[in-house]
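Please consult the sequence and the structure shown below while reading.

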Amino acid sequence: MFDAAVNGAWSHSMPPRRVREADVRTTHACAPGSRQAREGGDMLKAAIPVLHVSRSVEAEAFYCGKLGFRLEFAYRPTEASDPCYMGVIRDDVRLHLSSFPGDSVAGAAVFVLVDDVDVLHAELARRNVAMEMPPTDQPWGNREMYVRDADRNRIAFVGSPASA
């Protein structure tokens, strides 16, 4: 379903790049059959992106109030709103948002796989979320829509093409 996503093609300006098996065997230490691949097994379970936000209260309002996440935790070392390190969750997707200096950079990008981009688009439209790009079938086989938060972080929601 997400063949193009797995092959690293998510930028709307970059077509998928196929990696030849011979290149993998000769250039990657964790290629199938390598010592790292055999020893690693299923050790890795998930990756949680950290997005830099300038104002945590506004970020929480956007991610929870507009995108439908819920606040999982928030750490503030003082009584002030910022700096703050928080986690938000929706279904199986977790994002961390930080206003601490040095934690990520504003303008990052996150790739979120979804079951149905159009259903999510309708939900977000009802919540008046501005779309950077409405649901679009991409030539590399994904259906994608993009939103940005106030700090210019891009959230790309990606699913199968509408005709699939």
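This is a predicted model: local features need pLDDT of at least 70, side-chain atom pairs count only at pLDDT 80 or more; totals for chains, interfaces and linings use all residues.

Tyr63 and Phe69 are both buried.

**Aromatic pairs**

The rings of Tyr63 and Phe69 form an edge-to-face pair. Together with Phe62, these two residues make up one aromatic cluster. A second pair, formed by Phe73 and Tyr85, is stacked. This pair links distant parts of the chain, since Phe73 lies in strand E2 and Tyr85 in strand E3, 12 residues apart. Phe73 counts as partly exposed because its relative accessible area of 31% falls between the limits of 20% and 50%. Tyr85 is likewise partly exposed, with a relative accessible area of 21%. The count of aromatic pairs in the model comes to 4. The table gives the geometry of the two pairs named here.

| Pair | Centre to centre | Angle between planes | Arrangement |
|---|---|---|---|
| Tyr63 and Phe69 | 6.4 Å | 70° | edge-to-face |
| Phe73 and Tyr85 | 6.2 Å | 20° | stacked |

**Strands E2, E3 and E4**

Strand E2 (residues 70–75) runs antiparallel to strand E3 (residues 85–90), and 5 bridges join them. Within this pairing, Ala74 stands opposite Met86 in E3. E3 is also joined to strand E4 (residues 93–98), again in the antiparallel sense, by 6 bridges. Here Val88 has Leu95 in E4 as its bridge partner. E3 and E4 form a hairpin with 2 residues between them. Asp91, which lies in the turn, has a positive phi of about 55°.

**The sheet of E5, E8, E7 and E6**

An open sheet is built from 4 strands in the order E5-E8-E7-E6, with mixed pairing. Strand E5 (109–113) and strand E6 (133–137) stand at its edges; each has a single partner strand, so one side of each is left without a neighbour in the sheet. From one strand to the next, the twist averages 20°.

Inside this order, strand E7 (residues 143–148) and strand E8 (residues 154–159) pair antiparallel over 6 bridges. Tyr146 stands opposite Ala156 in E8. Helix H5 (residues 117–126) packs on the sheet and touches E6, E7 and E8. The direction of H5 makes about 30° with that of E7.

Note on methods
Residues are numbered from 1 along each chain as its sequence is written. Side-chain values use heavy atoms; hydrogens and water are left out. Two strands pair if DSSP finds at least two bridges between them. Axes are lines fitted to C-alpha atoms, for helices over the stretch in contact, and angles run from 0 to 180 degrees between N-to-C directions. Contact means heavy atoms within 4.5 Å. Rings of Phe, Tyr and Trp (its six-membered ring) pair if their centres lie within 6.5 Å; planes under 30 degrees apart count as stacked, over 60 as edge-to-face and the rest as tilted. Buried means under 20% relative accessible area, exposed over 50%, partly exposed in between (1.4 Å probe, protein chains only).
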